[in-house]
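Hi,

Here is the structure I promised to pass on.

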Amino acid sequence: MAPDPLGLVTDESGVSPDPPRRRRRGRAALLVVLAIVAGGGWAASRFLYDSVRTPQCTITAAGMAESLDPEQTGNAALIAALSIKRDLPPRAATIALTTAYQESKILNITYGDRDSVGLFQQRPSQGWGTRKQILDPVYSTNKFYDALLKVEDYEHADITEIAQKVQRSGYPEAYRDHEGQGRVLASALTGHSPAGLSCRLEEATTGASPAAVAKALATEMGVKQAEPSGQSLTVTAPDQRTAWAVAHWSVARAAQLGVTGVAIGERQWDRDAGDEGWSEGAASPTVSITLR
């Protein structure tokens, strides 16, 4: 067993073990569903249908799992991607994701305490920018990283203390409650936990644009060599960790960008496959992104 740069342990293949907490949760859910179905009626079947079909993303690393809705997951992917674009260490993404989880549940909200808004609940009155700027997730995330880089020893100091130095929150200890979520998200989204992110999504609408996906990749992750071919894009990354970061970003942003399939070597994620996740096979530094 070897630790990754985020302090999360994976097996020798680099793939995080199946999270035991997720298995226990699934067993409990089965018992609940069986009990309700035994009661009979339309309500039971409707509950079962909704619980299976509700869009949801699952992120796993080192035996831990977190579930987010597609909007939260897409925002988390953007936050992690910008850390990669700026060539920051994975810990920077961990701190940013921990902070966003506490401040907004990783949602780009238009309200908050006094004049605070956005992913990080930044305030125009504290010099973070205009309200319109802060509500741009790329702008607000870059402003967070700008402030983080000014904090001495942010790569090694306590995450909660660092987050507080950046945010100047009225609840400085609240960040500690979400350090676990921040680490799991960062590990998967920076490519340190292969096949660590999968989403169950609604059917994609038509009209998805490879050009829009390529533009988002360049803006968020700094990937400028995405080669389009019909309704697909191919990205050749410098190494497998970066390739997994691109692959996970593609799945995490699938709901917003209309992605229907992602392949990294022989491993594939298929939007129509629901909860099946990634197929087995060998990975490679080449990522293929398919749109309807």
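The buried residues of helix 8 are E179, Q181, G182, V184, L185, A186, S187, A188 and L189; buried here means under 20% relative accessible area, with over 50% being exposed and anything in between partly exposed (1.4 Å probe, protein chains only). That makes nine of the eleven residues in 179–189, so helix 8 is largely enclosed by the rest of the structure. After helix 8 comes G191, with a positive phi near 90 degrees. Helices (H or I, at least four residues) and strands (E, at least two) are DSSP runs, numbered from the N terminus.

Before you read on: this is a predicted model, so local features need pLDDT of at least 70 and side-chain atom pairs pLDDT 80 or more, while totals for chains, interfaces and linings use all residues. Residues are numbered from 1 along each chain as its sequence is written, and side-chain values use heavy atoms, without hydrogens or water.

Now the aromatics. There are three aromatic pairs, counted when ring centres of Phe, Tyr or Trp (its six-membered ring) lie within 6.5 Å; planes under 30 degrees apart are stacked, over 60 edge-to-face, the rest tilted. F120 and F144 are stacked, because their centres are 4.7 Å apart and their planes at 15 degrees. F120 sits in the loop between helix 4 (90–104) and helix 5 (131–134), and F144 in helix 6 (residues 137–148), 24 residues apart. Both F120 and F144 are buried.

W244 and W278 pair edge-to-face, at 5.1 Å centre to centre and 75 degrees between the planes. W244 is in helix 10 (residues 240–252) and is buried at 2% relative accessibility; W278 is buried too, at 9%.

Cheers
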